[in-house]
Amino acid sequence: MALNSFITHEGLEMGRAQVAQAETAGIEPSVLMNPILLKPTGDATSQVVVNGEVVADMRAGEYFRRKNSFLPAVRNAYAALASQFDIIVIEGAGSPAEINLRDNDIVNMGMAAIADAPVLLVGDIDRGGVFASLYGTVSLLEPDERARIKGTIINKFRGDVDILRPGLGRLEELTGVPVLGVVPYLHVDIDDEDSVSDRLSAGKGTQPVDVAVIRLPRLSNFTDFISLERQPGVGVRYVGSTRELGTPDCIIIPGTKNSMADLLWLRQNGLETAIKRHAAAGTPILGICGGYQMLGRTLEDPHGVEDGGTVRGMELLPVDTRYEQEKVRTRVDGTVGKLDGFFACMAGADFEGYEIHMGQTLVDGDATPFAVIDAGQGPKPDGAQRGNVAGSYVHGLFDSAETAGALARELLSKKGVTPEMAEQESHADYKERQYTRLADAVRSSVDMAAVYAILGITRA
């Protein structure tokens, strides 16, 4: 379950957490690694994506009633991967001791049984109560499930491991399962999985340039802005109220799973008025995907894809969005167009990314297309720009050092700060360096010989 998603080269949708795992393994992301993706649309409703394609929006009860009908997709995905790779790591979701869900479990011990896989149980000590959590989890499992647990690992420990050792020994006695390692709390910068990320704290972003990203209730793909955070002198913070907004140098309205509902939320809490006031004063405003739709004149939903009906937009761009029943899912490469005003700083910058949205947006009036993109069918315009307001459908726009650097330099120069001209490390190289740090820490803190033995692998 996640709102941070990704589009594969085949045009299929999967969670970004599984994309990160594929990247660490040095292989191309595939929907086989994420056969079922749940994208929350409300407190008890999610869009269900199976094998990369939308099946339906379902309430929780309906999904649980129908979940077993999706099991063949899971089995087939596992079989396909097993035919290609020697080792498959199956990541559970939630807890394997959710005894109320045991009968329909296809993601934790149920999946382990399907694959006849040994299990390593990992506990997060940073949340507290890790010994009780690990012991309680093992105790609540059925005997056949308990037999699959071959080791436990404690994650995110801060301090001297020797302090833990008496507890580790006692835990082994109680569970009959060896503790295979204690992984330290690491400050590695990898994509966050969902909206509980510390990255979304409003207090961050103390730099010469202050970029405010609106923390929408159904915020999605906030990973779009991680590379912007890395620009020297740029601080990115996430805000959810007019009090938190303050006087930023740039405002970004990000993607969302429900543009219409989140636009009404902006309107009700006063953020829409504040954003429009900043726009009138010359502050650069940028919308990505759902944020771009909100900046337009109208959002029309004749098929009830979101909330139905028509909602007035923020009227900062002369564009109108109409929701269709088919989701746009495609990878793109492109070039920022010949823009004027503030965003002229980005003109000519190349980027790669992907589109994932339900609406089609028509530009009508004195706006300039934000970019020219190619999704394999030839060039076409994307987004719109007028003065200090711009919007684009492209996720990953700032993963290009060229686009992120151009925006950062322009914002810094407007603050009278000379930008650092050091060569920027590519986003891909930066991520690879973070993955390596994480891998090195795990190797040095976990008994990998025991892990390989559990897998039946002999290491030289």
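Modeller: Rolling a probe the size of a water molecule over the atoms shows where empty space is left. In this predicted model, the residues that line the largest cavity divide into 3 nonpolar, 6 polar and 3 charged.

Biologist: How many residues line the largest cavity, and which of them lie nearest its centre?

Modeller: The lining is made of 12 residues, and S227, R230, Q231, D399 and A401 are those that lie nearest the centre. The space in this cavity comes to about 50 Å³, and the structure holds 1 cavity of 30 Å³ or more.

Biologist: What is the order of the strands in the open sheet?

Modeller: Strands of a sheet pair through backbone hydrogen bonds, either parallel or antiparallel. Here 3 strands form an open sheet in the order β3-β4-β5, and the pairing is antiparallel. The edge strands, each pairing on one side only, are β3 (36-40) and β5 (53-59). Between β3 and β4 (residues 45-50) there are 5 bridges, and P40 has S46 in β4 as its bridge partner.

Biologist: At what angle do helices α1 and α14 pack?

Modeller: Helix α1 (residues 16-25) and helix α14 (residues 427-445) pack at an angle of about 80°, with their axes 10 Å apart. Angles of 65 to 115 degrees count as roughly perpendicular, and α1 and α14 are therefore roughly perpendicular to each other. In this contact, A20, E23 and T24 of α1 meet K431, E432 and Y435 of α14, and the residues divide into 2 nonpolar, 1 polar and 3 charged.

Methods: Residues numbered from 1 in each chain as written. Predicted model: local features only at pLDDT ≥ 70, side-chain atom pairs only at ≥ 80, totals over all residues. Heavy atoms only, no water. Axes fitted to C-alpha atoms, helices over the stretch in contact; angles between N-to-C directions. Helix = DSSP H or I, 4+ residues; strand = E, 2+ residues; numbered from the N terminus. Parallel < 35°, antiparallel > 145°, perpendicular 65-115°, else oblique. Contact = heavy atoms within 4.5 Å. Nonpolar A, V, L, I, M, F, W, Y, C, P; charged D, E, K, R; others polar. 1 Å grid on protein atoms, 1.4 Å probe; cavity = no way out; pocket = protein on both sides within 12 Å on 5 of 7 lines; lining within 4 Å. Points joined across faces, edges and corners; volume = space filled by probe spheres on them. Pairing = 2+ DSSP bridges.
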